[in-house]
Amino acid sequence: MGISSDQIKSCSSVLDVLGNKPDAVLSPQAHKAPQAHKARKRTAIVLGAGGTVGIAFHAGVLKALVDAGLDPASADLVVGTSAGAIVGSIMRTGNDLDLVWAMAHEDQNPFAENQPFFRPEVVFSQGWRTPLGLARRVAGSAYVLHRTVIRWPAVRPPLSLQHFYRAGIGSVTEQRVEFANWAGEDWPEEDLALCSFDIVTGQRVVLGSPSNPRPALPDAMRAASAVPLLYPPIRLGRRLLIDGAVKSSTNVDVAVDAGAELIIVAAPQSYDPDHKPPLHLRASKELFNRQLDRELCAADKAGVRVLVLRPTLTETHEHGLNLLRSGNHGQAADLSREHCSQVLRTPEGRSFSRAWKASETASAATQVAS
């Protein structure tokens with residue numbers, strides 16, 4: 001059992017951000033840090049942020065890996081941020097990877113009959129009815145952004161005003177139920193790290209790691225994908241968690257710190273530095289791209305082999321500016337699959353694939369011996 005949905009909930013007002021509520025009561029599983037696996041984490045897959053378009057990008061990458069004879073589900077560690085947290089959770093909980101492909105390519109929800117995958121009730125729908133309601137949500141969301149980006153000075157509105165403002169301009173009334181349908185309530189036995197950001201402390205929180213309590217999996221998915229301004233933060237005890245992309249759209253260092261020697265990075269919020277897209281498409285990705293470059297340099301210094309999959313110029317045009325749009329993701333998935341397949345056929349890609357397969361064989365032999 002994880003923390004119930006009543007114990008972990010969206011923070012609906014700035015009072016939730018500023019108030020001194022007692023910690024939510026954690027279940028025994030949430031209090032108990034998972035035991036660290038004795039086996040070395042040789043391989044890791046890092047799935048980055050990117051909205052619904054990012055989910056389609058990941059679907060194409062995973063499909064190409066399977067085409068090349070690599071098993072993404074066998075990775076010793078999966079690190080997910082935002083869209084990557086959703087895809088990683090679906091994959092890690094034993095679902096067939098073809099389901100992810102069907103979600104993106106056919107826009108069909110394999111967990112609900114005659115329902116599209118990207119429904120407004122799950123992705124984004126208008127959360128206000130009046131101009132005053134919109135103003136309240138914008139003000140509350142601006143405070144969350146302030147706590148996320150600037151953090152100083154720590155403005156404390158009067159108590160009489162704190163109840164008035166709501167964080168998150170979007171309404172996602174069915175999001176938790178949908179995530180539970182996709183991935184279930186319980187964490188998988190295999191290592192899964194979902195990256196979020198605590199606006200109270202200004203620190204990244206990796207849900208699923210031994211040092212942090214585990215909420216129910218759907219709540220962790222919501223916390224790791226709670227885009228500031230659009231969605232309200234998710235409360236976990238005294239923590240108020242939002243999308244981990246606030247710190248990094250990929251968080252490659254989580255896999256490096258876990259001891260991974262081979263890492264596949266799917267980074268839909270990046271771009272190919274040798275073929276830069278136009279400024280209007282590059283601007284929203286520039287900071288993410290620079291952060292990824294820093295993470296890759298650190299991984300290289302640590303002796304870690306990393307295979308990076310970034311959108312091509314054609315893919316970047318296909319992704320466009322609206323990364324949370326509903327429908328029409330098939331082309332993005334197809335282009336991602338095609339590009340990933342091309343990368344895996346390069347000398348570097350073939351060498352990496354051989355090393356990955358050798359690691360899979362070694363891990364299987366270790367499991368049999370144990």
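1. Let's start with disulfides. A disulfide is a covalent bond between the sulfur atoms of two cysteines. In this predicted model, a search of the whole structure turns up 0 disulfides. Two cysteines are still worth a look. Cys-195 has a relative accessible area of 0%, so it counts as buried. Cys-297, at 47% relative accessibility, is partly exposed, because that class lies between 20% and 50%.

2. Strand 5 (residues 191–198) and strand 6 (residues 203–207) run antiparallel and are joined by 5 bridges.

3. Now look at Lys-41, which sits in the loop between helix 2 (28–31) and strand 1 (43–47). Is Lys-41 buried or exposed? Its relative accessible area is 14%, and the cut-off for buried is under 20%, so Lys-41 is buried. Leaving aside residues up to four places away in sequence, Lys-41 touches Asp-76, Leu-77, Asp-191, Ala-258, Gly-259, Ala-260 and Glu-261. Take Ala-258 as an example: Lys-41 and Ala-258 are 217 residues apart in sequence, yet their C-alpha atoms are 6.7 Å apart in space.

4. Which residues of helix 14 are buried? They are Gly-330, Ala-332, Ala-333, Leu-335, Ser-336, His-339, Cys-340, Ser-341, Val-343 and Leu-344. An α-helix has 3.6 residues a turn, so residues three or four places apart point the same way. Keep that in mind when you view the buried residues in the structure. What covers them includes helix 3 (51–67), helix 5 (97–106), strand 10 (305–309), helix 13 (313–319) and helix 15 (347–369).

5. Finally, turn to the aromatic rings. The count of aromatic pairs is 2. One of them is Phe-179 with Trp-182, a tilted pair with 5.2 Å centre to centre and 45 degrees between the planes. Both residues lie in helix 8 (residues 175–183), 3 residues apart, or about one turn of the helix. Phe-179 and Trp-182 are both buried. A ring can also have a charge over its face: Arg-337 lies over the face of Trp-101, at 5.2 Å from the ring centre.

Technical notes
Residues numbered from 1 in each chain as written. Predicted model: local features only at pLDDT ≥ 70, side-chain atom pairs only at ≥ 80, totals over all residues. Heavy atoms only, no water. Buried < 20%, exposed > 50% of the residue type's maximum accessible area, 1.4 Å probe, protein only. Helix = DSSP H or I, 4+ residues; strand = E, 2+ residues; numbered from the N terminus. Contact = heavy atoms within 4.5 Å. Disulfide = S-S within 2.5 Å. Pairing = 2+ DSSP bridges. Phe/Tyr/Trp six-rings, centres within 6.5 Å; stacked < 30°, edge-to-face > 60°. Lys NZ or Arg CZ within 6 Å of the ring centre and 35° of its normal.
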